[in-house]
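I opened my notebook to go through one model, element by element. Here is what I looked up, in the order I looked.

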Amino acid sequence: MRGGNKLKNRIYFEKFLSDDESHYFLDVATNEKVAVMNYGRVFTFEEAKQIYEGMLKINRLHESFGYFKVFLKDTSTYIGLGALVVDDDLLEGELEYMLLPEYWGQGYGNEIAEKLLKTAESTKSIVRIEAIIDPNNIGSKKILLNNCFVSSKLSENFDNGSIVEIFSKEIIHSIQ
């Protein structure tokens, strides 16, 4: 990370593990501001439930990776989700985060990104992380640039045809 970027330690993660926890995902996935900013559209309840089922399948693959609920440490208040989804070879991953709007602009997105990147860096096999954002999402762009990601290309969103910006970060592992 860039100089001065210290983990603030205001949040903690809990992995999504069961259908009983789907309401947490639905809080962000069906929130119009969050969904449009992250997916380019609002999902129906049925679509969101289907996505959640896919998240649970991914979460069963690796103990350290997948989709996580994000809570404030001091109050255990749910504020959103963070994810680090890796490929089968554990060489590349995708960083994701979604916060409820009342927590935007307070540094939580950066803190989520830092914690997930620390996990990726501790996994000696991961060499690259990508993040896909709406090019107009200035907050996410700032988070990624602060964490040494570089914009690598613009692409078309497979779901709705909107333009997305793909950022990437090479993970350099120190030799010990």
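**Ground rules.** I am working on a predicted model, where local features need pLDDT of at least 70, side-chain atom pairs count only at pLDDT 80 or more, and totals for chains, interfaces and linings use all residues. Residues are numbered from 1 along each chain as its sequence is written, and side-chain values use heavy atoms, with hydrogens and water left out.

**Entry 1: the sheet.** I started with the strands (DSSP runs of E, at least two residues, numbered from the N terminus). I found an open sheet of 7 strands in the order S1-S2-S3-S4-S5-S7-S6, with mixed pairing; two strands pair if DSSP finds at least two bridges between them. S1 and S6 (150-156) are at the edges with a single partner strand each, so one side of each has no neighbour in the sheet. From one strand to the next, the twist averages 30°. I then checked S6 against S7 (residues 163-170): the two run antiparallel and are joined by 6 bridges. One detail I noted is that Ser 155 has Val 164 of S7 as its bridge partner.

**Entry 2: helices on the sheet.** Helices here are DSSP runs of H or I, at least four residues. Contact means heavy atoms within 4.5 Å. Axes are lines fitted to C-alpha atoms, for helices over the stretch in contact, and angles run from 0 to 180 degrees between N-to-C directions. H1 packs on the sheet and touches S2 (66-72), S3 (78-86) and S4 (92-99), its direction making about 95° with that of S3. H3 lies across S1, S2 and S3, at about 100° to S2.

**Entry 3: H1 against H3.** How do H1 and H3 pack? I read an angle of about 125° between H1 (residues 22-29) and H3 (residues 45-59), with the axes 10 Å apart. That makes H1 oblique to H3, since angles under 35 degrees count as roughly parallel, over 145 as roughly antiparallel, 65 to 115 as roughly perpendicular and the rest as oblique. From H1, the contact draws on Ser 22, Phe 25, Leu 26 and Ala 29; from H3, on Phe 45, Ala 48, Lys 49, Ile 51, Tyr 52 and Met 55.

**Entry 4: Leu 17.** Is Leu 17 buried or exposed? Its relative accessibility is 60%, so I put Leu 17 down as exposed (buried is under 20% relative accessible area, exposed over 50%, partly exposed in between, with a 1.4 Å probe and protein chains only). Leu 17 sits in the loop between S1 (11-15) and H1. Not counting residues up to four places away in sequence, Leu 17 touches Tyr 52 and Leu 56.
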